[in-house]
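Let's take a friendly walk through a protein model, one topic at a time. Have the sequence and the 3D view ready.

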Amino acid sequence: VTTVVGFTGSSIWHTLAMFPPVPPSMIEAGYQDFADRWHPILDVFDEVGVRFAHEVHPSEIAYDYHTTVRTLEAIGHRPAFGLNWDPSHMVWQGLDPANFILDFADRIYHVDCKDARVATRDGRRGRLASHLAWADPRRGWDFVSTGRGDVPWEECFRALNHIGYDGPISIEWEDAGMDRLHGAPESLAYIRSLNAITPPAAAFDAAFSSES
């Protein structure tokens, strides 16, 4: 095993709404708490030659773009600490999962292919999902079978090719409204078709630059 995927937890997730107001020092203390807890863990990871891939996920210390930046800064960009890219948690937050790959190219240590669909058009369904169960039609977003949601998968796989990612491609299948014996094989076939896209040996217009 060379890469371990997991969560970190967060002592400041409960301040997400920023009300009651909290001072900047409390947020800074949260990142310091994370660093104090994780530096010793990463020391052991370094000793055994293993990398940790943190899943960018709500409730964790890094859950979106800017919190990921601050998390990496908090631990001094140690190579032992990277990211598990899971776009399903990005699309319902309004993040661009393909640009996330490009911006954190050196930190993508693992890839989870899970999909989500946002449905907030009626003005009643919110992105925080109202404590409603999975598959409840009143939710503002839900996990769906990979390839049936709002993740721009082809753009993301082209981004993975661009950064030279050659690690695992894991299908994390979660869809409370579909039987897994139908959805999982369908998702596997879909992702395999995208994973087959490889950059060409030469640019498509390279022939025009050749001397006749």
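Predicted model: local features only at pLDDT ≥ 70, side-chain atom pairs only at ≥ 80, totals over all residues.

## The annotated domain

An unreviewed UniProt entry places the feature "domain: Xylose isomerase-like TIM barrel" at residues 27–193. This span is 40% helix and 16% strand, and its end C-alpha atoms lie 43 Å apart.

## Aromatic rings

Searching the whole structure gives 15 aromatic pairs. One of them joins Trp-13 and Tyr-63, an edge-to-face pair with 5.0 Å from centre to centre and 80° between the planes. These two residues are 50 residues apart and link distant parts of the chain: Trp-13 sits in the loop between β1 and α1, and Tyr-63 in the loop between β2 and α2. Trp-13 is partly exposed, at 27% relative accessible area, whereas Tyr-63 counts as buried at 18%.

Phe-34 and Trp-38 make a tilted pair, because their planes meet at 35°, with ring centres 6.4 Å apart. Both belong to helix α1, four residues apart, or about one turn of the helix. Phe-34 is buried at 3% relative accessibility, and Trp-38 is buried at 9%. Ring pairs also connect these two with Phe-45, Phe-52 and Phe-81 in a cluster.

Where does Asp-115 lie? Asp-115 is part of strand β5, which covers residues 115–118. Asp-115 is buried but has no salt bridge; Arg-117, the nearest side chain of opposite charge, is 7.6 Å away.

Beyond its neighbours within four places in sequence, Asp-115 is in contact with several residues, including Ser-88, Phe-143, Arg-148 and Trp-153.

How values were computed. Residues numbered from 1 in each chain as written. Heavy atoms only, no water. Buried < 20%, exposed > 50% of the residue type's maximum accessible area, 1.4 Å probe, protein only. Lys, Arg positive; Asp, Glu negative; His and termini not counted. Salt bridge = Lys/Arg side-chain N within 4 Å of Asp/Glu carboxyl O. Contact = heavy atoms within 4.5 Å. UniProt positions renumbered as here; feature names shortened; annotations may be inferred. Phe/Tyr/Trp six-rings, centres within 6.5 Å; stacked < 30°, edge-to-face > 60°.
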